[in-house]
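Try each task before you read its solution.

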Amino acid sequence: MNLGTAEEESTAEEIDIPPDIDWQMLDKSKFFFLGAAMFSGVSASLYPAVVLKTRQQVAQSQVSCIKTAIWILKYEGFRGLYRGFGTSLTGTIPARALYMAALEVTKSNVGMAATRLGIPEPSAAAIANAAAGLSAAMAAQMVWTPVDVISQRLMVQCGDSQKVSNAFSCKYLNGIDAFKKILNTDGIRGLYRGFGISILTYAPSNAVWWASYSVAQRLVWSGMGCFLCQKEDDRDENGVNVEKNTLRPNAKTVMAVQGASAAMAGGVSALITMPLDTIKTRLQVLDGDENGRKGPSIGQTVRNLVKEGGWMACYRGLGPRWASMSMSATTMITTYEFLKRLSAKNREVLTS
């Protein structure tokens with residue numbers, strides 16, 4: 001991305017941002033191999049927050065995040081914070097590969113199409129990012145939904161002392177056992193429980209997030225440009241500074257701006273989509289009838305939530321989810337941008 005084409009030329013000229021790396025510039029084998037390794041590490045560091053969020057969402061009464069964490073550590077040990085992680089990691093690798101491929105291909109193609117139509121570069125970038133986020137989320141949910149169903153059931157089982165539903169006794173030995181039992185009881189539909197609302201949750205959320213991330217970066221860079229412009233004007237009585245066009249931020253500055261932009265977009269996205277995520281989690285985890293053959297409907301799930309704690313029950317787990325999504329967004333985007341630079345076919349051009 002280069003702000004030299006931004007609308008306010010006087011501000012954009014202050015900073016020369018390294019160009020964005022599109023799909024054609026990537027070494028695909030390196031991109032997917034390094035991506036699997038790097039994002040596995042990121043997922044491991046953020047997984048406890050996901051467990052806490054899920055436990056809070058399925059609890060039948062309000063339980064604070066701190067109490068939930070203390071209870072897990074006291075009765076289940078540190079391993080309790082990583083229940084279902086093996087299953088989640090196994091599914092995350094192919095899901096992440098699908099996500100990254102769909103993201104980059106869509107962003108590149110839509111961006112070029114928007115540019116050919118004469119759409120200004122900032123708007124074209126936002127449109128391309130929104131379309132890319134939408135398509136990437138839809139592609140990845142084909143893998144992520146079954147993984148979520150299995151891993152979330154593993155996360156919440158043995159949670160009776162937390163006033164979690166009695167359905168969560170320790171009935172699954174591991175991910176494979178959970179997969180077999182869900183398949184035998186509910187068939188393929190059981191593994192894709194909540195798929196529709198997952199799409200409704202993640203697809204728009206990703207579209208908004210990527211578009212917001214693109215806009216947030218431009219706002220931050222423009223703000224920095226205005227600051228530098230004012231600073232130089234104070235030093236130069238004539239208002240002329242021939243070095244304005246040569247200012248180039250180092251890698252740490254670029255990563256800091258990307259991380260801050262990602263955190264802002266992630267926090268807003270978490271707040272907007274929280275009710276849908278709570279409903280989705282309940283649909284995927286709760287069995288509904290005692291025989292396990294029929295799960296609760298969306299309407300039943302919403303009514304149960306409202307009965308348990310009013311409409312605010314839809315925001316149970318907001319704290320861990322806000323923190324998880326903000327940290328995840330910051331970590332993921334800085335890792336992702338770093339991964340793209342490592343995987344570029346011609347890295348010398350990027351650093352010149």
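**Exercise 1.** In this predicted model, work out how helix α2 and helix α9 are oriented to each other, and what sits where they touch.

*Solution.* Start with the axes: those of α2 (residues 28-58) and α9 (residues 251-285) come within 9 Å and cross at roughly 80°. Angles of 65 to 115 degrees count as roughly perpendicular, so α2 and α9 are roughly perpendicular to each other. Next, pick out the contact residues. α2 brings Lys53, Thr54, Gln57 and Val58, while α9 brings Met274, Asp277, Thr278, Thr281, Arg282 and Val285. Finally, sort that contact by class: you get 3 nonpolar, 4 polar and 3 charged residues.

**Exercise 2.** Which residues of helix α6 are buried, and how are they arranged around the axis?

*Solution.* First, check the geometry: α6 (residues 175-186) has 12 residues and spans 16 Å from its first C-alpha to its last, close to the 16 Å expected. Now list the buried residues of α6: Gly175, Asp177, Ala178, Ile182 and Asp186. They cover an arc of only 155° around the axis, so they sit on the same side of α6. As for what covers the buried residues of α6, the cover includes α4 (85-116), α5 (121-156) and α7 (188-191).

**Exercise 3.** Is Ser88 buried or exposed, and what does Ser88 touch?

*Solution.* Locate Ser88 in helix α4. Its relative accessibility is 15%, so Ser88 counts as buried; the cut-off is under 20%. Leaving out residues up to four places away in sequence, Ser88 touches Tyr47, Val147 and Ser151.

**Exercise 4.** Is Met312 buried or exposed, and how far is its C-alpha from that of Gln62?

*Solution.* Find Met312 in the loop between α10 (298-309) and α11 (318-342). With 59% relative accessibility, Met312 counts as exposed, the threshold being over 50%. Then take the C-alpha to C-alpha distance: Met312 and Gln62 are 9.9 Å apart in space, though 250 residues apart in sequence.

How values were computed
Residues numbered from 1 in each chain as written. Predicted model: local features only at pLDDT ≥ 70, side-chain atom pairs only at ≥ 80, totals over all residues. Heavy atoms only, no water. Helix = DSSP H or I, 4+ residues; strand = E, 2+ residues; numbered from the N terminus. Buried < 20%, exposed > 50% of the residue type's maximum accessible area, 1.4 Å probe, protein only. Axes fitted to C-alpha atoms, helices over the stretch in contact; angles between N-to-C directions. Parallel < 35°, antiparallel > 145°, perpendicular 65-115°, else oblique. Contact = heavy atoms within 4.5 Å. Nonpolar A, V, L, I, M, F, W, Y, C, P; charged D, E, K, R; others polar. Expected span 1.5 Å × (residues − 1). Arc of directions from axis to C-beta.
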